[in-house]
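Notebook open, viewer running. I want to go through the side-chain contacts first and then the fold around them.

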Amino acid sequence: MPELSQDAERARAPLPFGVAEVTGPSMVPTLHHGDRLLVHYGARVKRGDVIVLRHPFQQDLLVVKRAAERRDGGWWVLGDNAYAGGDSTDYGVVPDELVLGRVRFRYRPRGSGRRSPLAVVGWALSSARPVLSGRSASRRLRAR
């Protein structure tokens, strides 16, 4: 199940930051389908961070997951939505060389049907947020 639009990667770009778009439900409630992400490529990863990685079996596919814990040979990653699947419970430890970067910021585009002034204000107050490892950690990660 894809997590990021394919044209989102900037692994070899001169700047260490890039923009990605989320597709799929595996990171709900932290990230939703259509959210835009500011990715810091090459950033150091620590437990609880939301990260962008190459899928271990389909390396042309980029996914976004939470780094749950460090294990021999790489990272154990989990999606925040336990029912969506597509994480280390399916494919095991992700090698370090497949981890591309850390998600720093999330932006939610405005829905087309929300035009009232109150809806615009609500969107403006909630659309852009940093993606933090401590405060936004999933229940799955805290339960470990």
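**Salt bridges**

I ran the charged-pair search and got six salt bridges. I keep in mind that this is a predicted model.

I started at Asp-49. Its side chain meets that of Lys-46 in a salt bridge, 3.5 Å from N to O. Is Asp-49 buried or exposed? I looked it up: Asp-49 has a relative accessible area of 1%, so it is buried, the cut-off being under 20%. Lys-46 comes out as partly exposed, at 41% relative accessibility.

Arg-102 forms a salt bridge with Asp-49, with N to O at 3.3 Å. I checked where the two sit: Arg-102 is in strand 7 (residues 99–107), and Asp-49 is in the loop between strand 2 (36–41) and strand 3 (50–54). That puts the partners 53 residues apart, a link between distant parts of the chain. Arg-102 is buried as well, with a relative accessible area of 14%.

I noted the set as one network of salt bridges: Lys-46, Asp-49 and Arg-102.

Next pair: Asp-96 and Arg-70, joined by a salt bridge at 2.7 Å, N to O. Asp-96 is in the loop between strand 6 (94–95) and strand 7, while Arg-70 is in strand 4 (residues 62–71), so this contact ties together parts 26 residues apart in sequence.

**Rings**

I then searched the whole structure for aromatic pairs and found two. In one of them, Phe-57 and Tyr-91 have ring centres 6.4 Å apart and planes at 85 degrees, so I logged the pair as edge-to-face. Phe-57 belongs to the loop between strand 3 and strand 4, and Tyr-91 to helix 1 (residues 88–91), so the contact ties together parts 34 residues apart in sequence.

Tyr-107 is partly exposed, at 34% relative accessibility.

I also looked for charges over rings. The charged end of Arg-71 sits over the ring of Trp-76, 4.0 Å from the ring centre.

I walked along strand 1 (residues 17–21) and saw its side chains alternate. Gly-18 and Ala-20 point to one face and are buried.

Which way does strand 1 run against strand 2? The two pair in the antiparallel sense, over five bridges. In that pairing I found Glu-21 opposite Arg-36 of strand 2.

Back to Phe-17, in strand 1. I have Phe-17 down as partly exposed, at 36% relative accessibility. It contributes to a nonpolar surface patch of about 420 Å², together with Val-19, Leu-38, Phe-105 and Tyr-107. Strand 1 and strand 7 each supply at least two residues of this patch.

**A cis bond, and the whole chain**

I checked the peptide bonds too. Where is the cis one that I noted? A cis peptide bond joins Val-28 and Pro-29, with omega about 15 degrees. Pro-29 lies in the loop between strand 1 and strand 2.

Last, the overview. I count three helices and eight strands in the protein chain. Read along the sequence, the order is β-β-β-β-β-α-β-β-α-β-α. How much of the chain is buried? Of its 144 residues, 44% are buried. Asp-49 and Arg-102 meet in a salt bridge, and both residues are in the buried class.

How values were computed:
Residues are numbered from 1 along each chain as its sequence is written. This is a predicted model: local features need pLDDT of at least 70, side-chain atom pairs count only at pLDDT 80 or more; totals for chains, interfaces and linings use all residues. Side-chain values use heavy atoms; hydrogens and water are left out. A salt bridge is a side-chain nitrogen of Lys or Arg within 4 Å of a carboxyl oxygen of Asp or Glu. Buried means under 20% relative accessible area, exposed over 50%, partly exposed in between (1.4 Å probe, protein chains only). Helices (H or I, at least four residues) and strands (E, at least two) are DSSP runs, numbered from the N terminus. Two strands pair if DSSP finds at least two bridges between them. Rings of Phe, Tyr and Trp (its six-membered ring) pair if their centres lie within 6.5 Å; planes under 30 degrees apart count as stacked, over 60 as edge-to-face and the rest as tilted. A charge sits over a ring if NZ of Lys or CZ of Arg is within 6 Å of the ring centre and within 35 degrees of the ring normal. Patches are made of residues with over 30% relative accessible area and no salt bridge: like charges are joined within 9 Å, nonpolar side chains (Val, Leu, Ile, Met, Phe, Trp, Tyr) within 5 Å. Accessible areas come from the Shrake-Rupley method with a 1.4 Å probe; for residues, only the protein chains shown count as cover.
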